[in-house]
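Welcome, and thanks for taking a look at this one. Here is a short briefing to read alongside the structure.

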Amino acid sequence: MSQKDSAMLFKPDTEQVLVRGLNAMTKACDALTKQNETLNHDIEKMKNKIARLQERILTNDSEKE
């Protein structure tokens, strides 16, 4: 085996590099999508809690009057 052949054995070709990069980006995108869904769910829960607390404040204020 020549020196050039052995160097090519360990050097990934362009397609392999691109495929690995695309796979990594896909995993990262999937993780961010899942995190975004979780955050949006948390936001909705907080909005509901705020609405309940505001209603409680209004109820308490009207009882004081």
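A salt bridge here is a side-chain nitrogen of Lys or Arg within 4 Å of a carboxyl oxygen of Asp or Glu. Please keep in mind that this is a predicted model. With that cut-off, the structure holds one salt bridge.

**Overall build**
- The protein has two helices and zero strands.
- Of its 65 residues, 0% count as buried.

**The salt bridge**
- Glu44 pairs with Lys47 in a salt bridge, and their closest N and O atoms are 3.6 Å apart.
- Both Glu44 and Lys47 belong to helix 2, which covers residues 14-64.
- Three residues, or about one turn of the helix, separate Glu44 from Lys47.

**Exposure of the two partners**
- Are these side chains' residues buried, partly exposed or exposed?
- Glu44 is partly exposed, at a relative accessible area of 42%.
- Lys47 is also partly exposed, with a value of 48%.

How values were computed. Residues are numbered from 1 along each chain as its sequence is written. This is a predicted model: local features need pLDDT of at least 70, side-chain atom pairs count only at pLDDT 80 or more; totals for chains, interfaces and linings use all residues. Side-chain values use heavy atoms; hydrogens and water are left out. Helices (H or I, at least four residues) and strands (E, at least two) are DSSP runs, numbered from the N terminus. Buried means under 20% relative accessible area, exposed over 50%, partly exposed in between (1.4 Å probe, protein chains only).
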